[in-house]
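Morning, everyone. Please take a look at the model on the screen, and then we'll walk through its pockets and salt bridges.

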Amino acid sequence: MTYCLLLLSVVAVTAAVPVPRLLTRAKWPEREPVVALWVWQCLVATVLLCCLTALALGAAAVFGTVRAQLFAPAPPAVTAAYDLSHASPWTTVLTVLLACGAAWTTAMLARELVEARRRRAGARAHLRDRAPDLPAGLPEGRGPLLVLEEEYPDAWWMPGSPPQLIVTTGALQRLTDHQLDAVLTHERGHARARHDWLLHLSAALAAGFPRVPLFAHFCEQTHRLVELSADDTASRRCGHLTTALALIELNQHRGVLSCSSSHRLLGERVDRLLEPPPRLDRRHRALTTAAAALVPLVPLLITFAPGLTALP
């Protein structure tokens, strides 16, 4: 069991520290944001699985009740292969730390979900106050599209039940029909991919473990890559130039073309749409996706290796 815990620790540290730093310096995620999001999720899953399986093995070694429950259906040879009869002091310390980390992670995820629900309820109440009153005789439900009377052009998707797409009259007046279609397609791309859940997860992990490079980079890159992914969805339907012009018109009042603007990502998105980077071919994309999907299996193989070798 000691070797399993050591290997799990090495895999977790490798996936949490050097690999994210290398990934943030790579150029290919800008070309394939969807694949990059998948790679980041697989890295996070690898670290969480390493911690979870190490916690299970450590708890089984420290607590006899846990050991009896985990290995109840296993043959005696499998239990003997893990050498769980005694636990060293460092195993006890590691188990306690992992248990505290699991409890803290659960608390951070719960807090993020509660805060997101509270913010969403406040935003919906604010929208109900700003939304124009419907004529008498029409149903009260406003449907998935809500138009607000607002001078500034804007459009965003509000997840929830039901989800709602909000567009201001400023956007309707400034954008052409094709540009408006690109904006709506961009927002629908966020909704179909359920990017809100990915953003909540990355924010919760970054808030709970701010000193872990993986979670900090995961939060930062997720906010960037989901926008690039939605831009690609819009550009495939409406064209790169139309999507870029729609992005400029929609954000010009925010200083999208200003080098000193705090919305630097907007300028990067416009440049990327005007000069689309070369994409990976289908074979390389499939290989990258498959390789990333295999990474979370490493902690599972390490955990189950002693039991599998002990089976007749």
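Helix 1 (2–16), helix 4 (33–62) and helix 7 each give at least two residues to the lining of the second largest pocket. Helices here are DSSP runs of H or I, at least four residues, strands are E runs of at least two, and both are numbered from the N terminus. A pocket is an open set of points on a 1 Å grid over the protein atoms alone, where a 1.4 Å probe fits, with protein on both sides within 12 Å along at least five of seven lines; lining residues have an atom within 4 Å of a point.

A word on the source. This is a predicted model, with local features needing pLDDT of at least 70 and side-chain atom pairs pLDDT 80 or more, while totals for chains, interfaces and linings use all residues. Residues are numbered from 1 along each chain as its sequence is written, and side-chain values use heavy atoms, with hydrogens and water left out.

Back to that pocket. Its space is about 580 Å³. Of its 23 lining residues, Ala12, Val47, Cys51, Leu98 and Phe209 are the closest to the centre. Helix 4 supplies the largest share, 7 residues. By class, the lining has 20 nonpolar, 3 polar and no charged residues.

Now the largest pocket. Its volume is about 1200 Å³. It is lined by 44 residues, and closest to its centre are Trp157, Glu187, His190, Leu199 and Glu227. Helix 7 gives the most to this lining, with 7 residues. What classes make up the lining of the largest pocket? There are 21 nonpolar, 10 polar and 13 charged residues.

Next, salt bridges: a side-chain nitrogen of Lys or Arg within 4 Å of a carboxyl oxygen of Asp or Glu. The count is 12. Arginine 269 and glutamate 227 form one, at 3.6 Å, N to O. This pair links helix 13 to helix 11, with arginine 269 and glutamate 227 being 42 residues apart. Is arginine 269 buried or exposed? Arginine 269 is buried, at 7% relative accessible area; buried means under 20%, exposed over 50%, partly exposed in between, with a 1.4 Å probe and protein chains only.

Aspartate 232 pairs with arginine 279, also in a salt bridge, with the closest N and O atoms 3.6 Å apart. Aspartate 232 is buried, at 8%. Arginine 279 is partly exposed, at 44%. Finally, a network of salt bridges links Glu32, Asp232, Arg272, Arg279 and Arg285.

Notes: Grid points are joined across faces, edges and corners, and a volume is the space filled by probe spheres set on the points. Ala, Val, Leu, Ile, Met, Phe, Trp, Tyr, Cys and Pro count as nonpolar, Asp, Glu, Lys and Arg as charged, and the others, Gly among them, as polar.
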